[in-house]
Amino acid sequence: MSESGPSSSSTLPPQSSLPTGPNVDQKPSVLVLGMAGSGKTTFVQRLTAFLHARKTPPYVINLDPAVTKVPYPVNVDIRDTVKYKEVMKEFGMGPNGAIMTCLNLMCTRFDKVIELINKRSDDFSVCLLDTPGQIEAFTWSASGSIITDSLASSHPTVVMYIVDSARATNPTTFMSNMLYACSILYRTKLPFIVVFNKSDIVKPTFALKWMQDFERFDEALEDTRSSYMNDLSRSLSLVLDEFYCGLKTVCVSSVTGEGFDDVMTAIAESVEAYKKEYVPMYEKVLADKRQMDEVEKKKREEEDLKGKPVHDLKKPTGDEDDDLDLNTKVDRIHLGGVDEENDEDAELERH
Amino acid sequence: MKYAQLVMGPAGSGKSTYCSVMHNHCLSAGRTLRMVNLDPACEVFNYPAVVDVRDLISVNDVQEDEELILGPNGALVFCMEYLVQNLEWLHDELDEGEDDYFVIDCPGQIELYSHLPVMRQIVDALKSWDFNVCSVFLIDTNFVLEAEKFISGALTALSAMVAIETPAINVLTKMDLLSERNKQLVDEFLETDTRSIVDQDETAWNEKHRKLTRAIAQVLEDYSIVKFVPLNCEDEESIDQLLLTIDTTIQYGEDLEVKDHYPEEVDPEE
């Protein structure tokens, strides 16, 4: 029996375009970020080996189009999809632009990657994503945030920030590294682990001490810099002190393999944090979006029934409340292109 | 005293566009800016550069070299280190006179500032050549359209600032590409104090990081050096405003002498 009567409000099939929220029980994904030369690839290599030895193999995805050699078995490789050199030639781009373009191209197919991850999730313990060397190609690009967000909206996702311990011995470098880490934390809002790599070269205990004791870091800072920025640096180190409080840190050496047990513990803890913090936030956004769609749908339906054009705004009474509601939601959700948004605003104002 | 703006920012934030806009703007205002390209990986730019680092070394040269097997990143670092070893070349090329004003287009990689000492060395060299240097850090406005992302942007700018220790102006570029609604949002961010922006949402994440956010907001407020200036490339007024801010920061024009212009004498023999 068909429910096509005009009085029924359930004539339209339920919209399935919206995801139903992340699957929190799935195996986590780990995004490995870090400055160029901090040892991201080596870290991933070592972690892969470590997990294989434990008989809990990971699922590895390489997102660096410019890397010449990947020293670990990789499951999905961006280089299979886009050829970095070809992009450079075809679009006449510099190295930086080409990396961005490769990521953008990859991004258009990323839903397939996520599908793959979800399908294989029974066979691996953790999914590792190695990112391009240029950190801002990932953190300051549209594709980077799309990849991060779509991962996080599908299953638990953790960000790992790799720091080169040897370079971080310089307090200024250490500070700007930590500020950058902090900025990534604010961008992604995902659970965050700082990994001090290369502990075989320099024991990162100095860093841990700096992080625990603000005075000590201050002293180190005082020794190296001019008075000009001292004041600011001191305030900043106070800020960072706050940052360290809730921060998970791990010291590893990708050469000797020390500290990788801690990495796994940290990941497990972060997944819990993801469930507690990220999921409610995501669900709120989702609920908002659903409500908006609902309002929109109702509007359309009513207009359809009246045989009026969809964007005609003269509607029967009783709709005002919904629109007010929509109005408040609108400034929080970024929907699409500039033109769409301007149109939308114009419509709301006219009302 | 000479003056220099160091134009920095992540890839795609609009550095080269900024440079060409500045150049054209000053040209029409009768001011001469001397443009410098310090990005060895850059392909094209549409401003006339008096100095181009690619004359010394370019990433392509390095990557084509068969003995050095370097990826794009390693090649860039190699180029910059080579430049630092040849600072005299830069000095000769700049060939600066009194009161000259340079705009220097720098490479975007944050590693060059925070990890490696190269940019710091270049800045120090400029300072030793009697330059007043100011860094202009560009951020694409499209990436800061949320309170948390706004803070993230401020922190990124800060991490570069701390590393090179120059006065800094942070610029929000691509304002012309925003919808009206987002323009209002950015205005709101710029006008209200940072603390009230971040106290709005009550989510678990915010709850956990409240103290940290407050601490960051405190610093951003106390040290007004981390202020953002919006730039709309299509609006002359906005460019003027920004230029004024930068000029004030590097004290350009404070002891400028009045110049009188005579028509150039024409050599009768020519």
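1. A term to begin with. A residue is buried if 20 or more other C-beta atoms lie within 10 Å of its own. Keep that in mind below. Note also that this is a predicted model.

2. Look at helix H1 of chain B, residues 15–28. In H1(B), the buried residues are B:Lys15, B:Tyr18, B:Cys19, B:Val21, B:Met22 and B:His23. Residues three or four places apart in an α-helix point the same way, because there are 3.6 residues a turn.

3. What do the buried residues of H1(B) pack against? There are several partners in chain B. The strands are S1 (2–8), S2 (34–37), S4 (101–105), S5 (131–140) and S6 (168–173). Helix H11 (236–249) is also on the list.

4. Now the length of H1(B). The helix has 14 residues. From its first C-alpha to its last it reaches 20 Å, close to the 20 Å expected at 1.5 Å a residue.

5. See what comes after the helix. B:Gly30 follows H1(B), and its phi is positive, near 80°.

6. Step back to chain B as a whole. Its secondary structure comes to eleven helices and seven strands. The chain has 270 residues, and 48% of them are buried. Take its contacts between residues at least 6 apart in sequence: 72% join residues at least 24 apart.

7. How many helices and strands does chain A have? The count is 15 helices and seven strands. Chain A has 351 residues, of which 40% are buried. Among its contacts with a separation of 6 or more, 77% come from residues 24 or more positions apart.

Terms used
Residues are numbered from 1 along each chain as its sequence is written. Chains are lettered from A and ligands numbered from 1 in the order in which they are written. This is a predicted model: local features need pLDDT of at least 70, side-chain atom pairs count only at pLDDT 80 or more; totals for chains, interfaces and linings use all residues. Helices (H or I, at least four residues) and strands (E, at least two) are DSSP runs, numbered from the N terminus. A residue is buried if 20 or more other C-beta atoms lie within 10 Å of its own, exposed if 12 or fewer, and partly exposed in between; C-beta atoms are placed from the backbone. Two residues are in contact if their C-beta atoms, placed from the backbone, lie within 7 Å. The expected span of a helix is 1.5 Å times one less than its number of residues.
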